[in-house]
Amino acid sequence: MKINTAQLVLIAGLSVAGATMSYAQATESELARYGYATSGKPERVVNLDNRAKYLNVTQLETVQLNFGGKSVTWTFDTLGTGSFPLSNVIPGAEGITVYVAKNPLYRGR
């Protein structure tokens, strides 16, 4: 069986692509643009009602959010996301905007 150069390059390329793809699998938390629900201990608890217009959090902060009888503990792992509707995290929380401040641990000196 004779293998030419083009076949050898193709085989090598597919091998590298397969190895790269197996290590490049993103976790669920890496895919979540607004952060992720967690069962960890929150840094603070925030009770929101229909009159609330905004929520200030810090990037990577874990907050227990209580709204309309619903509760979720959320880690705001939001690299590059400055603000978003809370309804992306808690359905029914329309009209409340989450403002995410940069974590001081990641600021340059």
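Contact here means heavy atoms within 4.5 Å. This is a predicted model, in which local features need pLDDT of at least 70, side-chain atom pairs count only at pLDDT 80 or more, and totals for chains, interfaces and linings use all residues. Residues are numbered from 1 along each chain as its sequence is written, and side-chain values use heavy atoms, with hydrogens and water left out.

Start at Thr-78. Leaving aside residues up to four places away in sequence, Thr-78 touches Arg-33, Tyr-34, Gly-35, Gln-59, Phe-84 and Val-100. Thr-78 sits in the loop between strand 5 (70-75) and strand 6. Helices (H or I, at least four residues) and strands (E, at least two) are DSSP runs, numbered from the N terminus. The relative accessible area of Thr-78 is 2%, so this residue is buried. The classes are buried (under 20% relative accessible area), exposed (over 50%) and partly exposed (in between), with a 1.4 Å probe and protein chains only.

A pair of aromatic rings is described by the distance of the centres and the angle of the planes. Rings of Phe, Tyr and Trp (its six-membered ring) pair if their centres lie within 6.5 Å; planes under 30 degrees apart are stacked, over 60 edge-to-face, and the rest tilted. The whole structure holds 2 aromatic pairs. Tyr-34 and Phe-84 make a tilted one, at 4.5 Å centre to centre and 40° between the planes. Tyr-34 lies in the loop between helix 2 (28-31) and strand 1 (36-37), and Phe-84 in strand 6 (residues 83-85), so the pair ties together parts 50 residues apart in sequence. Tyr-34 is partly exposed, at 23% relative accessibility. Phe-84 is buried, at 3%. Phe-76 and Phe-84 form a tilted pair too, with 6.3 Å between centres and 35° between planes. Both of these phenylalanines are buried.

Strands pair if DSSP finds at least two bridges between them. Strands 1 and 5 run antiparallel, joined by 2 bridges. Ala-37 has Trp-74 of strand 5 as its bridge partner.

Finally, Tyr-54, in strand 3 (residues 54-58). Tyr-54 is exposed, at 52% relative accessibility. Beyond residues up to four places away in sequence, Tyr-54 touches Ile-96, Thr-97 and Tyr-99. The C-alpha atoms of Tyr-54 and Pro-85 are 8.9 Å apart, across 31 residues of chain.
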